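Please look through the sequence and the model first, and then follow the points below by topic.

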Amino acid sequence: MTLAPRPHPEHGVEELCVSGAELYERALREGNVSATAADGTPCLIDFGLLHPALHDPDRLEPVTPAAALHRLLRTSAARIADERLREDRLVEQFEPFLQLRVDPAVGADTPMLRLLSGTERINLAITEAMAEARSEALCVQPYHGLGGPRGLASQTVAMRRDQALLDRGGRIRTLYHDTLRHLPAVVSYQEQLKGDAQARSLDEITDRMIIFDRTVAFLPANTDRTAAVEVRQPAVVGYLAAFFDRLWHLATPVFPQAVQRPSLNGITPRQQAIAALLVEGHTDAVIADRLGMNIRTARVHIAKLADTLGSESRAQLGYLIGRSGILAQSQEEGEESP
């Protein structure tokens with residue numbers, strides 16, 4: 001049984017295969033090679049680097065490198081000339097169309113969905129959209145980036161951008177995690193804004209989301225927030241804005257007038273949120289992630305909750321939470337919140 005020869009990989013003359021380069025070098029050194037030696041490298045004949053010898057068809061002679069290079073460059077120059085001629089024809093073809101006054105509604109420049117890659121490109125798109133906004137900006141900020149040199153630089157850009165909208169008579173509504181409601185950097189930022197800017201917080205919120213004038217929205221496209229999606233589809237943006245309104249209604253005011261939710265039977269609002277997730281069977285890591293805190297803080301709250309309710313085990317804690325009625329009370333309070 002004989003094995004079929006392996007097919008020669010396709011490549012250009014500017015990327016000679018290893019076997020082809022070795023055989024061409026050998027042919028140049030020895031003056032010729034046998035035709036059978038080139039069976040595995042048909043590229044050398046195809047590219048005109050080897051040709052049959054006149055006195056012996058079974059031998060292949062090399063074309064000198066200078067002659068081969070000159071011929072290939074001449075061919076390349078001819079292709080470039082053809083491309084330039086094609087460019088001239090394309091310009092001539094489209095020039096009349098470019099003179100037409102196109103209805104902006106055609107809008108190929110503003111696709112309904114656009115993927116933005118890179119922090120600089122995302123920030124530029126947000127800045128451009130906010131410069132066009134006139135009535136409002138709705139923001140969900142599940143984390144803060146106000147610390148360190150990079151955070152301070154981002155804060156300066158955001159402050160200028162936000163204040164410009166407020167100066168035009170617009171309004172800004174921002175939702176934070178409850179874990180950020182007392183953070184000095186967050187409170188200080190809100191206090192520096194002059195105009196109709198309000199902030200509220202919620203136990204659980206979505207990932208970052210920004211909506212301008214209920215016509216364009218920006219959403220993260222990956223976990224490290226180095227890519228984003230710009231959405232201009234009216235139905236989708238309208239849905240996102242309505243979802244924000246619902247979260248805003250359930251949230252607790254942080255600025256300009258902070259409102260504190262009262263404790264229920266010695267159980268803080270944070271512990272109430274943790275209790276709800278415990279009853280659903282979530283792990284400490286999931287609870288920490290959903291409530292915007294580190295896992296150590298989550299476990300401290302769980303321990304305090306267990307101590308308040310007199311629980312001695314995780315299973316018993318779930319039972320005591322259900323019997324205490326704190327989840328029902330918390331739900332009723334949320335429905336009555338502003």
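Within β10, Val229 has Leu219 standing opposite it. The model is predicted, so local features need pLDDT of at least 70 and side-chain atom pairs count only at pLDDT 80 or more, while totals for chains, interfaces and linings use all residues. Residues are numbered from 1 along each chain as its sequence is written, and side-chain values use heavy atoms, with hydrogens and water left out.

- Strand β9 (residues 216-220) pairs with β10 in the antiparallel sense over 4 bridges; two strands pair if DSSP finds at least two bridges between them.
- Helices (H or I, at least four residues) and strands (E, at least two) are DSSP runs, numbered from the N terminus.
- β9 and β10 form a hairpin with 6 residues between them, and Arg225 in the turn has a positive phi of about 60 degrees.
- Strand β4 (residues 113-117) is joined to β10 by 5 bridges, and the two run antiparallel.
- Leu113 has Val231 as its bridge partner in β10.
- Strand β10 (residues 227-231) is mostly covered, with 4 of its 5 residues buried; buried means under 20% relative accessible area, exposed over 50%, and partly exposed in between (1.4 Å probe, protein chains only).

**Strand β7 and its partners**

- Strand β7 (residues 196-202) is mostly covered, as 5 of its 7 residues are buried.
- Strand β6 (residues 171-177) pairs with β7 in the parallel sense over 7 bridges, and Arg171 stands opposite Asp196 in β7.
- Strand β11 (residues 252-255) is joined to β7 by 3 bridges, and these strands run antiparallel.
- Thr252 in β11 has Ser201 standing opposite it.

**The sheet of β1, β3 and β2**

- Strand β3 (residues 59-62) is joined to β2 by 3 bridges, running antiparallel, and Glu61 in β3 is the bridge partner of His51.
- Ala35 lies in the loop between β1 (33-34) and α2 (43-46).
- Ala35 counts as partly exposed because its relative accessibility is 28%.
- Ala35 and His51 are 16 residues apart along the chain, and their C-alpha atoms are separated by 9.4 Å.

**Helix α8**

- Helix α8 (residues 269-279) is mostly covered, with 8 of its 11 residues buried.
- The buried residues of α8 are Pro269, Gln271, Gln272, Ala273, Ile274, Ala275, Leu277 and Leu278.

**A negative surface patch**

- Asp82, Glu83, Glu87, Asp88, Glu92 and Glu95 form a negative surface patch.
- Patches are made of residues with over 30% relative accessible area and no salt bridge, with like charges joined within 9 Å and nonpolar side chains (Val, Leu, Ile, Met, Phe, Trp, Tyr) within 5 Å.
- A salt bridge is a side-chain nitrogen of Lys or Arg within 4 Å of a carboxyl oxygen of Asp or Glu.
- Glu83 has its place in helix α3 (residues 65-98).
- Glu83 counts as partly exposed because its relative accessibility is 43%.

Conventions
Accessible areas come from the Shrake-Rupley method with a 1.4 Å probe; for residues, only the protein chains shown count as cover. Lys and Arg count as positive and Asp and Glu as negative; His and the chain ends are not counted. The place of a charge is taken as NZ of Lys, CZ of Arg, CG of Asp or CD of Glu.
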